[in-house]
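Hi everyone, thanks for coming. Today I'd like to walk you through one structure, a few residues and helices at a time. Let me put it on the screen.

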Amino acid sequence: MIRIEVPATSANVGPGFDCMGVALDWNNVITVEETGTKNVEIVVPDGCEVFLPNNDKNYVYKAMKKVFDITNKPFSGYKITIDQNVPVTRGLGSSSSAIVGGLAGANYLLGNPLSEDEILNIACNMEGHPDNVAPALLGGFVVSVREGRKVHYIKADVSDEITFAALIPDFHFSTKKSRGLLPRYVSHKNAVYNLSHASFTASAFMTGDFSKLGTGVKDRLHESYRISRIKNGADIINVCRKSGAVACYLSGAGPTVMSIVQGDGLEFENKVNSELKMHFPDWSLKMLKANNNGVIVKEV
Ligand code: HSE
């Protein structure tokens, strides 16, 4: 039996729409065991079937099958059990973690015929953009560039001097709908705004100068179109700023709001939790360090 641990991710990191992301120390766990039968059985947590189908529409299944197909091997005789710790459709990279987990697990079972770069390219082509799949695979903070069907990336480990504070509401927000809120065209001025801020944010991560993130994570390509559709999203950002966050941004397509705090952020955690309890009971706070390993597959 193999055990696959694959991290949650937070994409965009403000201005890096579809190209920047960071892996978080909060794993989904997938186990795959051989059954000797002629089919593939998928077990998902009770009540999750709407978002995690236990059939051939499941992303872990699709990703595993893709590797078996590429290598001309029959995909049968496995039981896949998905332990979904990270909430789905919240902007924390759940579909990417399923894709990367499935690809990495199948690759391991077949004796690693695919390189890490090949897995990244396949994952990106399945997901449509690299910002979540790259950190889920590689860990750390990753900037990716897509040229045709190939992804080029630069990764930096993230020090534990900072903590990521995920403010997660108890409602779903589909990425497809969230992308549908975005304008078809942007002004040259806003494009320049975003490329300067994205470069600045990436430089802050690469050099470890986290004090610059407050300036860096500002965005004009997607957040303002999305935040107004997220109930209390703007209020939650205000709570985080007032409680001492260095930087706040919408995680991926939302609805999770991500804050970055210096150190372990205990004071921030206490302040935000008491605000949530009093005014925003639909939201919860999860304090997370970065995950610098990415997906891990091991025999158990
Ligand atoms: N870059 C993506 C978006 C992340 O903002 O729509 C969600 O997959």
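Let's begin with Asp18, which lies in the loop between strand 1 and strand 2. When I say strand or helix, I mean a DSSP run, E of at least two residues for strands and H or I of at least four for helices, numbered from the N terminus. Phi of Asp18 is near 65 degrees, a positive value in a residue other than glycine. Is Asp18 buried or exposed? Asp18 counts as buried because its relative accessible area is 17%; buried means under 20%, exposed over 50%, and partly exposed in between, using a 1.4 Å probe and protein chains only.

Before we go further, a word on what you are looking at. This is a predicted model, in which local features need pLDDT of at least 70 and side-chain atom pairs count only at pLDDT 80 or more, while totals for chains, interfaces and linings use all residues. Residues are numbered from 1 along each chain as its sequence is written, and side-chain values use heavy atoms, with hydrogens and water left out.

Now, the inside. In soluble globular proteins, nonpolar side chains tend to be buried together. A nonpolar core here is a set of buried Ala, Val, Leu, Ile, Met, Phe, Trp, Tyr and Cys residues joined through side-chain atoms within 4.5 Å. Which members of the largest core touch the most other members? They are Ile30, Phe75, Ile80, Ile82, Val100 and Leu103, out of 40 residues. Among the elements that each supply at least two residues of this core are strand 1 (2-11), strand 2 (20-34), helix 1 (59-70) and helix 2 (94-109). There is also a second, separate core of 27 residues, which includes Met20, Trp26, Phe164 and Leu288.

Let's zoom in on Ile80. Contact means heavy atoms within 4.5 Å. Leaving aside neighbours within four places in sequence, the contacts of Ile80 include Ile30, Val40, Ile42, Met64 and Phe75.

Next, a pair of helices. Two packed helices are described by the angle between their axes and the distance between the axes. Helix 1 and helix 2 pack at about 35 degrees, with axes 7 Å apart; the axes are lines fitted to C-alpha atoms over the stretch in contact, and angles run from 0 to 180 degrees between N-to-C directions. On the helix 1 side, the contact includes Ala63, Met64 and Val67, and on the helix 2 side, Ala98, Gly102 and Leu103.

What about helix 2 itself? Of its 16 residues, 13 are buried, so I'd call this helix mostly covered.

Two more stops. Leu52 is found in the loop between strand 3 and helix 1, and is buried at 10% relative accessible area. Not counting residues up to four places away in sequence, Leu52 touches Val44, Pro45, Asn58, Ile82, Gln84 and Val88.

Finally, look at Pro255, in the loop between strand 8 (247-250) and strand 9 (257-262). The peptide bond from Gly254 to Pro255 is cis, with omega near 10 degrees.
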